[in-house]
Amino acid sequence: MAYIYRNTPKVIAELGEVQGEIWERTFEIAARAEALLVQHRAQGIARIDMAKGDIDGYVVLEDANRTNSKSGANSAASIEFGRNGYTVQVVNDQGQVVDTYVVPPAEGLHILEEASHLPKKQRPLRVDRKVKIKASKAYRSRGGGRG
């Protein structure tokens, strides 16, 4: 009867040949993902990146843009899985709605799932939501007397 020690899988995973194969597979998936992303890119700064962990290799979809870079957010989840539509209300300093528009839903591209030959996962639908944003200076009316 064979006995497998507790750290045997880790020892095997850390072998040079195994690490080389992991990095080679990571590169193949990243190359397929980059080709899929280029097919769908209309604008934006989305990109595919590779990262090396202690044992595993990772393929990462990144899309940090002007609207989300301040908060450290990343729009990659919306690209991969899609997003629900929502209604935006633009409000002035007094809290009055000055404009309303609808952002339509977008279907996900499933780039990483296709590149790694994984089954596509659909995001659960959420109830239509309303978002309020503060009006830019173009929307604000000038108050007070002019003269």
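**Contacts, core and aromatic pair in a predicted model**

Apart from residues up to four places away in sequence, Glu14 touches Gln19 and Ile55. Contact here means heavy atoms within 4.5 Å. The structure is a predicted model: local features need pLDDT of at least 70, side-chain atom pairs count only at pLDDT 80 or more, and totals for chains, interfaces and linings use all residues. Residues are numbered from 1 along each chain as its sequence is written, and side-chain values use heavy atoms, with hydrogens and water left out.

Glu14 lies in the loop between α1 (8–13) and α2 (16–40). Helices (H or I, at least four residues) and strands (E, at least two) are DSSP runs, numbered from the N terminus. Along the chain, Glu14 and Ile55 are 41 residues apart. Their C-alpha atoms are separated by 6.5 Å. Glu14 has a relative accessible area of 46%, so Glu14 is partly exposed. Buried means under 20% relative accessible area, exposed over 50%, and partly exposed in between (1.4 Å probe, protein chains only).

The protein as a whole has five helices and seven strands. Their order along the sequence is α-α-β-β-α-α-β-β-β-β-α-β. The protein has 147 residues, of which 22% count as buried. Among contacts with a separation of 6 or more, 53% come from residues 24 or more positions apart. The accessible surface is about 11300 Å². Carbon and sulfur atoms hold 54% of this surface. Such areas come from the Shrake-Rupley method with a 1.4 Å probe; for residues, only the protein chains shown count as cover.

The largest nonpolar core has eleven residues: Ala30, Ala33, Leu36, Leu37, Ala46, Ile48, Leu61, Ala76, Ile79, Ile111 and Ala115. At least two residues of this core come from each of α2, α4 (76–81) and α5 (111–115). The most come from α2, which gives four. A nonpolar core is a set of buried Ala, Val, Leu, Ile, Met, Phe, Trp, Tyr and Cys residues joined through side-chain atoms within 4.5 Å. Beyond its neighbours within four places in sequence, Ala33 is in contact with Ile48, Ile111, Leu112 and Ala115.

One aromatic pair is found in the whole structure. Tyr3 and Tyr5 form this pair, with 5.2 Å centre to centre and 85° between the planes, an edge-to-face arrangement. Rings of Phe, Tyr and Trp (its six-membered ring) pair if their centres lie within 6.5 Å; planes under 30 degrees apart count as stacked, over 60 as edge-to-face and the rest as tilted. Tyr3 counts as exposed because its relative accessibility is 64%. Tyr5 is also exposed, at 56%.
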